[in-house]
Amino acid sequence: MATETTKVVPLTCHGHSRPITHISFSSVVDDDQFYLISACKDNNPMLRDGVTGDWIGTFIGHKGAVWQARLSSDATLAATGSADFSAKVWDTHTGEALHTLQHNHIVRAVAFPAQARPQILATGGAEKKLRIFDLSRSSGSGSNSSASSPTGTGAGADAAAAAPSYEIGPGVHEGTIRSIVWANDLNVLITASEDKKIRWWDLRTRSTIGEYAVNGTVGSCELENLGVDGSQGGGVLSVAAGKSAYFFDGRQPATLIKQVETPYELASVALHAGQGKFVTGSSGDTWVRVWDFNEGNELEMGKGHHGPIWTTSFSPDGKLYATGSEDGTIKLWKFTTGPYGLWR
């Protein structure tokens with residue numbers, strides 16, 4: 001079955017001109033439809049049809065590399081974090097930047113809670129600060145035009161329009177925050193930082209409720225809800241760090257389910273709990289590998305990229321997974337038997 005499942009030609013999505021840094025799927029929105037967003041060093045995140053990879057639109061406005069991009073669960077909003085010291089929130093229907101959230105350093109991570117059209121956003125990056133922004137109290141994108149300010153100054157316009165924020169756990173992170181994940185419990189946030197620590201935070205107390213030290217710099221950190229009813233809580237937190245893939249219980253902070261050692265420096269990992277398999281990308285080669293979750297052994301290898309695979313993710317229906325590479329392309333790999341999408 002494994003051979004039939006994945007040994008088909010992957011779909012290649014072109015359009016980006018620099019390395020892909022992050023890809024993320026929305027939930028299934030309606031009629032089995034879902035979407036894929038990509039972050040890239042070319043400054044221009046892109047929205048695609050999640051099943052076919054067809055380009056829908058490009059979000060224009062960042063002036064630096066975009067390090068992470070995420071969609072709200074209903075795919076109405078997108079969030080991006082950039083090297084231009086800002087995070088932006090976008091309307092996915094119009095492509096308009098609804099909010100521009102200024103920071104004092106590179107923004108590496110963004111996260112929405114699992115709500116329809118969420119009103120808050122978490123950000124982190126080289127400031128080493130985990131911040132929560134209240135989007136409901138922002139009057140817009142904070143443009144620099146003096147016309148939007150009653151005082152007639154651009155700075156006043158920014159101050160008036162900016163969404164208020166507060167910091168969680170000041171001084172705790174000792175390195176750049178590389179990823180933020182909102183747990184299914186909306187009061188819990190998870191951060192992965194360059195100090196080689198995964199931390200669980202309770203937003204009510206603004207303090208840590210769990211911490212785990214990994215063996216190596218974190219490449220990816222994502223919550224997988226496949227095979228689990230996400231609305232009921234649960235899921236598995238998958239982390240790539242050093243040569244290990246770590247899998248944590250999504251409901252119990254800092255509770256390790258399994259650690260799988262590999263011969264490769266892992267840059268990304270994604271889990272399909274329902275099939276008992278996970279896929280990895282490495283910083284040292286150009287191949288995506290499929291592994292048996294229970295046995296920890298390598299099952300097969302997918303060739304086609306021409307650079308390290310920095311990011312990988314399963315679709316919400318579990319029937320394909322996407323990879324994003326240094327080569328500037330995204331590939332969609334079939335992960336089911338029978339016809340699906342463009343594989344007929």
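This is a predicted model: local features need pLDDT of at least 70, side-chain atom pairs count only at pLDDT 80 or more; totals for chains, interfaces and linings use all residues.
**Entry 1: a hairpin**

Which residue takes a positive phi in the hairpin of strand 22 and strand 23? I looked it up, and it is Gly 276, with a phi near 65°. Four residues lie between the two strands of this hairpin. Strands here are DSSP runs (E, at least two residues), while helices would be H or I runs of at least four residues, and both are numbered from the N terminus.

Strand 22 covers residues 266-272 and strand 23 covers residues 277-282. They run antiparallel and are joined by six bridges; I call two strands paired if DSSP finds at least two bridges between them. I picked out one of the partners: Val 269 has Thr 280 as its bridge partner in strand 23. Then I checked burial, taking buried as under 20% relative accessible area, exposed as over 50%, and partly exposed as in between (1.4 Å probe, protein chains only). Seven of the seven residues of strand 22 are buried, so this strand is largely enclosed by the rest of the structure.

I traced an open sheet of four strands in the order 2-3-4-5, with antiparallel pairing. Its edge strands are strand 2 (20-25) and strand 5 (55-58), each pairing on one side only. Neighbouring strands are turned by 20° against each other on average, direction ignored. For such angles the axes are lines fitted to C-alpha atoms (for helices over the stretch in contact), and the angles run from 0 to 180 degrees between N-to-C directions. Strand 2 is joined to strand 3 (residues 35-40) by five bridges, and the two run antiparallel. Within that pair I found His 22 opposite Ala 39 in strand 3.

I then followed another open sheet, with four strands in the order 1-28-27-26 and antiparallel pairing. Strand 1 (11-13) and strand 26 (309-314) have a single partner strand each, so one side of each is left without a neighbour in the sheet. From one strand to the next, the twist averages 20°. Strand 1 pairs with strand 28 (residues 330-334) over three bridges in the antiparallel sense. Cys 13 stands opposite Ile 330 there.

**Entry 2: cysteines**

How many disulfides does the structure hold? I found zero, using the cut-off of a pair of cysteine sulfur atoms within 2.5 Å. I looked at two cysteines for burial: Cys 40 is buried at a relative accessible area of 0%, and Cys 221 counts as buried at 1%.

**Entry 3: salt bridges**

I counted a salt bridge when a side-chain nitrogen of Lys or Arg is within 4 Å of a carboxyl oxygen of Asp or Glu. The structure holds eleven of them.

- Glu 127 pairs with Arg 131, with the closest N and O atoms 3.2 Å apart. Glu 127 is buried at 17%, and Arg 131 is buried at 16%.
- Asp 285 pairs with Arg 289 at 2.9 Å between the closest N and O atoms, and both residues are buried.
- Glu 211 meets Arg 199 at 3.4 Å, N to O. This pair links distant parts of the chain, with Glu 211 in strand 17 (residues 207-213) and Arg 199 in strand 16 (residues 197-202), twelve residues apart. Glu 211 is partly exposed at 40%, whereas Arg 199 is buried at 1%.

I also noted a network of salt bridges that links Asp 195, Lys 197, Arg 199 and Glu 211.

**Entry 4: Ser 82**

Is Ser 82 buried or exposed? Ser 82 is buried, at 0% relative accessibility, and belongs to strand 7 (residues 77-82). I listed its contacts (heavy atoms within 4.5 Å). Leaving aside neighbours within four places in sequence, Ser 82 touches residues including His 62, Trp 67 and Ile 106. Ser 82 and Arg 108 are 26 residues apart in sequence, yet 6.5 Å apart in space, C-alpha to C-alpha.

Last, I checked the side chain of Ser 82. One of its polar atoms lies 3.2 Å from the backbone oxygen of Gly 64. The backbone nitrogen of Asp 84 lies 3.0 Å from a polar atom of the Ser 82 side chain.

Methods:
Residues are numbered from 1 along each chain as its sequence is written. Side-chain values use heavy atoms; hydrogens and water are left out. A polar contact is a pair of N or O atoms within 3.5 Å; within protein, one must be able to donate a hydrogen and the other to accept it, and residues adjacent in sequence count only if both atoms are side-chain atoms.
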